[in-house]
Amino acid sequence: MIDYAILWEWLSFAVRWAHVVAAISWIGTSFYFIALDLGLRRVHAAPAGVSGEEWQVHGGGFYHVQKYMVAPDSLPEHLTWFQWESYATWISGFALLCVVYYAGADLYLIDRDVLDMSAPYAIALSLASLTVGWLVYDGLCRTPIGKSDIGLMVVLYVLLVVMAWAYTQVFTGRAALLHLGAFTATIMTANVFFIIIPNQRKVVASLIAKETPDPRLGQQAKQRSLHNNYLTLPVIFLMLAVHYPLAFATDFNWLIAAIVFLMGVSIRHYFNTYHRSKQVLWWTWGVTLALLALMMWVSTWSLPKPDDADTAADTSPTQTLAAKRLLKSAHFEQVEEIVIGKCSMCHAAEPLWENMRVPPGNVRLEDQSSILKNARGIYLHAGVSRAMPPGNITGLEAAERAMLVAWYLGRETSASPKPTQ
């Protein structure tokens, strides 16, 4: 008999692997051509139409690369097109979105403390946001704003920040950052599919017909390629962030995402400048590190205070008094009761959650020993952040999260028993 839970788990792994492989291929190709294009040197004795060339060495051989701004006098019979790297990345990413977030909507997509909605409604909202995002972006590019590269980038940045905040108002923190990455990646792939490749094919068709290509086609494609260049690194961060609770499960996760887009600009500016002129802009790394420090600080803004129950508990008088009583009498027995009651149904040798065969992360929280052993993880995932339980499916209250923080911080500063193995 087929164990569908195990089959689905391996399907998720396989799709994730395919997505990573495709992304490496696309990003590697993209970064190579950006560096190549910026590093081309003008040569006086070059053939007609050649705007620059470069000699490269790799794998024991030498490569002589020349770039034609329009095209050579006669087009070669064989042209290598770079497009499927982008398409495969988006297709595999969307498949992973379906396997993990749509099929597991109740766990990973919906947080009923954020917005109580059905799985079909949440999935429809997800799909609509990806589609509308491209339409809005493409529309902006075609307005007078699109005539200014810097102005358009600023407007695009504002759009991304607004979407970051909007996603946190409807989905789990994990799904919010994942969707912001998908939103951005959809724009990037759509740029390739709807603009860059079609425009290049029109240029080739014009050349074959002995006609002069429309220069606006190249200008439009170059602008979209520039956007893809600066959006790549933030997308990678957003995809990795779903594994780090301090990035996705804090109150200001949308602001963290906004900072990441600025970091992507500073890092790419360094490399683009270096490839273009060999000039080393060390200050860009200072800006990047400062933004990283700011992001780390922002992640602690919503940290529950062990000595202030009011900031951690619900605003109702009953919850506030309950939180104060819990914090004043914080000791391990209460923490054990919280963890066993709200976490151990999944983090057990035999999880009670349907179709779950092994505990998440292979972490078991069934007794005092295992709770002590995983104290830091409990503190980070369920205390400081709201990564666990996924979608707060078991209803872990703010006062209980504050209790976990108070317990852990007290344990770090007092002579408490060491975790047993």
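Among contacts in the chain between residues at least 6 apart in sequence, 65% join residues at least 24 apart. The model is a predicted one, and the chain holds 16 helices and 2 strands. Of its 421 residues, 44% count as buried.

Confidence comes next. The average pLDDT of the chain is 86, and 89% of the residues score at least 70. Two stretches call for some care. Over residues 306-330 the pLDDT stays under 50, and the model has 35 contacts beyond four places in sequence for this stretch. Residues 412-421 also have a pLDDT below 50, with 9 contacts in the model beyond near neighbours in sequence. Where pLDDT is low, the predicted coordinates should not be read in detail.

Now to helix α7, residues 215-241, and its packing against helix α9, residues 253-277. The two axes come within 8 Å and cross at roughly 135°. At an angle like that, α7 and α9 are therefore oblique to each other, and α7 passes α9 in a right-handed crossing. On the α7 side, the contact is made by Asn-229, Tyr-230, Leu-231, Leu-233, Pro-234, Phe-237 and Leu-238. The α9 side brings in Ile-256, Ala-257, Val-260, Phe-261, Gly-264, Val-265, Ile-267, Arg-268, His-269 and Asn-272. Sorted by class, the contact of α7 with α9 comes out at 12 nonpolar, 4 polar and 1 charged residues.

Helix α7 also packs with helix α5, residues 149-168, here at an angle of about 45° with the axes 12 Å apart. That angle makes α5 oblique to α7, and the crossing of α5 and α7 is right-handed. From α5, the residues Asp-149, Leu-152, Met-153, Leu-156 and Leu-160 meet Gln-223, Leu-226, His-227, Tyr-230 and Leu-231 in α7. Tyr-230 and Leu-231 of α7 turn up in the contact with α5 and in the contact with α9.

In α5 sits Val-155, which is partly exposed, with a relative accessible area of 26%. Leaving aside neighbours within four places in sequence, Val-155 is in contact with Leu-140 and Ile-145. Val-155 and Tyr-137 are 18 residues apart in sequence, and their C-alpha atoms are 9.4 Å apart in space.

Gln-220, for its part, lies in α7. Gln-220 is partly exposed too, with a relative accessible area of 22%. Not counting residues up to four places away in sequence, Gln-220 touches Arg-142, Ile-195 and Asn-199. The C-alpha atoms of Gln-220 and Ile-196 are separated by 7.8 Å, although these residues are 24 apart along the chain.

Asn-191 is found in helix α6, residues 173-208. With a relative accessible area of 0%, under the 20% cut-off, Asn-191 is buried. Beyond its neighbours within four places in sequence, Asn-191 is in contact with Trp-134, Tyr-137, Ile-196, Arg-224 and Asn-228. Tyr-137, then, is a contact of Asn-191 and also the residue whose C-alpha is 9.4 Å from that of Val-155.

Key. Residues are numbered from 1 along each chain as its sequence is written. This is a predicted model: local features need pLDDT of at least 70, side-chain atom pairs count only at pLDDT 80 or more; totals for chains, interfaces and linings use all residues. Side-chain values use heavy atoms; hydrogens and water are left out. Axes are lines fitted to C-alpha atoms, for helices over the stretch in contact, and angles run from 0 to 180 degrees between N-to-C directions. Helices (H or I, at least four residues) and strands (E, at least two) are DSSP runs, numbered from the N terminus. Angles under 35 degrees count as roughly parallel, over 145 as roughly antiparallel, 65 to 115 as roughly perpendicular and the rest as oblique. A crossing is left-handed if the near helix is turned anticlockwise from the far one by less than a right angle, and right-handed if clockwise. Contact means heavy atoms within 4.5 Å. Ala, Val, Leu, Ile, Met, Phe, Trp, Tyr, Cys and Pro count as nonpolar, Asp, Glu, Lys and Arg as charged, and the others, Gly among them, as polar. Buried means under 20% relative accessible area, exposed over 50%, partly exposed in between (1.4 Å probe, protein chains only). pLDDT is the predictor's confidence in each residue, from 0 to 100.
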